Amino acid sequence: LRNNSSLLEFKILKSALFTFTEEESCDVQMAFTKALHQNTTLRTLRLPFCSNFDIANLLSEGLRHNCGLKKLYLTGCNITSCGVTMLAKALEHHCTLDELDIASNLIGDDGATAIADMLSLNDTLLTLNISYCSISDVGLEAIAIALVVNTTLRELNISDNLITDNGLIMLGQKLKNNTTLETLHMMHLEHSP
């Protein structure tokens with residue numbers, strides 16, 4: 001990746017490919033971070049269900065310096081609130097990423113708050129998928145507040161989270177002040193009794 005000047009998409013499916021000793025894993029992480037930092041042609045990175053090592057830590061440093069990546073798919077990578085906080089910090093001022101999929105990770109409300117902080121500063125992200133992320137009304141409120149000031153996000157997926165009717169009412173009130181969000185996915189949410 002580091003010296004490649006034509007690769008546009010990189011995809012690794014869940015496999016034994018990332019079964020390393022701890023020392024090998026550190027070497028791979030360092031090499032991958034350097035490659036992501038130096039590669040300017042890669043546009044799409046798909047690493048679904050790569051949960052054998054700390055993918056968020058691996059990517060966060062490389063993303064701080066990458067100026068070409070547009071789409072990042074990290075579905076089911078065992079990313080926690082700490083991991084998504086590192087990613088969100090790296091993406092606050094990222095100048096090219098327009099799609100982020102971190103569905104099926106246990107980021108919870110703390111992770112949603114980190115994503116909200118990023119949304120308040122980032123001006124390139126168009127699509128965000130945070131479905132199946134154990135987010136409740138508390139995390140949704142942080143996202144909703146960020147959407148008041150965010151002027152770029154066009155599509156948001158909050159499906160299959162722990163959001164109640166009260167959370168949806170609050171979201172609706174906040175979205176009255178947002179003029180850019182076009183698509184909101186919210187299937188299979190928890191409903192208040």
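Let me start with a question: is Cys-82 buried or exposed? In this predicted model, Cys-82 has a relative accessible area of 57%, and because of that value it counts as exposed. Cys-67, by comparison, is classed as partly exposed, since its relative accessibility comes to 45%.

Staying with the cysteines, a search through the whole structure turns up zero disulfides. For Cys-67 the reason can be given directly, because the closest cysteine sulfur, that of Cys-95, lies 6.2 Å from its own sulfur, which is too far for a bond, the cut-off for a disulfide being 2.5 Å.

Now to the helices. Helix α3, residues 81–91, packs with α4 at an angle of about 0°, the two axes being 8 Å apart, and the pair is therefore roughly parallel. On the α3 side the contact involves Ser-81, Val-84, Thr-85, Ala-88 and Leu-91, which meet Asp-110, Gly-111, Ala-114, Ile-115 and Met-118 in α4. Sorted by type, the residues of this contact are six nonpolar, three polar and one charged.

Helix α4, residues 108–121, also packs with helix α5, residues 137–149, where the axes come within 8 Å and cross at roughly 5°, so that α4 is roughly parallel to α5 as well. Among the α4 residues in this contact are Ala-112, Ile-115, Ala-116 and Leu-119, while those of α5 include Val-138, Ala-142, Ile-143 and Val-149. The residues of the α4 contact with α5 divide into nine nonpolar, three polar and one charged.

Terms used
Residues numbered from 1 in each chain as written. Predicted model: local features only at pLDDT ≥ 70, side-chain atom pairs only at ≥ 80, totals over all residues. Heavy atoms only, no water. Axes fitted to C-alpha atoms, helices over the stretch in contact; angles between N-to-C directions. Helix = DSSP H or I, 4+ residues; strand = E, 2+ residues; numbered from the N terminus. Parallel < 35°, antiparallel > 145°, perpendicular 65-115°, else oblique. Contact = heavy atoms within 4.5 Å. Nonpolar A, V, L, I, M, F, W, Y, C, P; charged D, E, K, R; others polar. Buried < 20%, exposed > 50% of the residue type's maximum accessible area, 1.4 Å probe, protein only.
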